[in-house]
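I wanted to look up a few residues and jot down where they sit and what surrounds them. Here is what I opened.

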Amino acid sequence: MALPNVYIIACGGTIAGKAASAEDLTGYKAGEVTIDELLRSVPQIEQYAGVQGEQFCNIDSSNMTEQLWLALAQRVQEVASRPDVDGIVITHGTDTMEETAYFLHLTVHTDKPVVLVGSMRPSTAISADGPLNLLEAVRTAAVKETGRYGVVIAMNGTLCSARFVEKTDTTHADTFKGRQMGNLGFIQDGQPFFYQAPLRRHTTSSALSCDKIRALPPVAVVYCYIGMSGSCIDDAASHGVRGIVLAGLGHGRMPAAIWAAASAAMKRGIYIVRASRTMGGIVSPVPEYSGVICADSLTPQKAKILLQLGLLKTENHKELQALFRVY
């Protein structure tokens, strides 16, 4: 029986990182190892899938850009349309992996598996986690069922939905979590086991697209804290943003000075989204903040992505708010 074909798109990150010594787990340089070198380090992959790969980019994911997102989404869509490809794995740095995953979750329209993977330790580390993560990601992408769940992150033996996943630790291998929503499943003995599915729209059910788009609408994220002034909002507005996402206090609340500045920005046609800097829960409408879009349970960085993609589709406030209830 023929093995499934998995296509790997390499974007660099710690999984492709090198350090001066095997004991150095933080002072490495990301994006130093090529996709060919990565594949040679895990020859076991050939037992489970026919693999091809390409070096899309080789960067520290802190240097990921929206322009690269647009090109990556187009490339993933192209590869997914090939009849000789059964699943796709994207190697990526962990710092912005959750954002890239969510962007692809909304903009790539396929029912084939799309799995992001990385590592928390460089390839030179004494206990590098990259090789096993890569093997498990390929095996997950080789299973047709994985495509039902949208874009998935496979790390440290866990499977997380792009919609809910967050990086929760700076350096430890067990960093990606679904927080309150939990994980999609786990990888045991190389096999993916799924226990729940995301209900929000994604991939084949997504009406959002970045096809033929040269740039995303500019949206800023402003973090709320004691002592801030309305100049944070004014500065963002003066730089031509179409929207501002507030990482608000508690239930998306903000200091009075910020609300005054946000209200003025809305009168200038800038969309304001209330999110929360807390680690869970829903931001829902309250009369006090009339006219503001609520982020539901999205983190500020993911709310930014949804607002950007939403603005490509509509500028109607009610329609934009509706997107946050279904994605």
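This is a predicted model: local features need pLDDT of at least 70, side-chain atom pairs count only at pLDDT 80 or more; totals for chains, interfaces and linings use all residues.

**Entry one: S61.** I started with S61, which I found in the loop between β2 (50–59) and α2 (66–80). Is S61 buried or exposed? I get a relative accessible area of 4%, and since buried means under 20%, S61 counts as buried. Next I looked for partners beyond four places in sequence, and S61 turned out to be in contact with H92, G93, T94, D95 and T96. I then checked the side chain of S61: one of its polar atoms lies 3.4 Å from the backbone oxygen of G93.

**Entry two: I233.** I moved on to helix α5 (residues 231–238), where I233 is found. Its relative accessibility came out at 0%, so I put I233 down as buried. Which residues is I233 in contact with, leaving aside neighbours within four places in sequence? I listed V222, I244, L246, I258, A261, A262 and A265.

F186 is in strand β9 (residues 185–188). I noted a relative accessible area of 42% for F186, which makes this residue partly exposed. What does F186 make together with F193 and Y195? I found a nonpolar surface patch of about 350 Å².

Conventions:
Residues are numbered from 1 along each chain as its sequence is written. Side-chain values use heavy atoms; hydrogens and water are left out. Helices (H or I, at least four residues) and strands (E, at least two) are DSSP runs, numbered from the N terminus. Buried means under 20% relative accessible area, exposed over 50%, partly exposed in between (1.4 Å probe, protein chains only). A polar contact is a pair of N or O atoms within 3.5 Å; within protein, one must be able to donate a hydrogen and the other to accept it, and residues adjacent in sequence count only if both atoms are side-chain atoms. Contact means heavy atoms within 4.5 Å. Patches are made of residues with over 30% relative accessible area and no salt bridge: like charges are joined within 9 Å, nonpolar side chains (Val, Leu, Ile, Met, Phe, Trp, Tyr) within 5 Å. Accessible areas come from the Shrake-Rupley method with a 1.4 Å probe; for residues, only the protein chains shown count as cover. A salt bridge is a side-chain nitrogen of Lys or Arg within 4 Å of a carboxyl oxygen of Asp or Glu.
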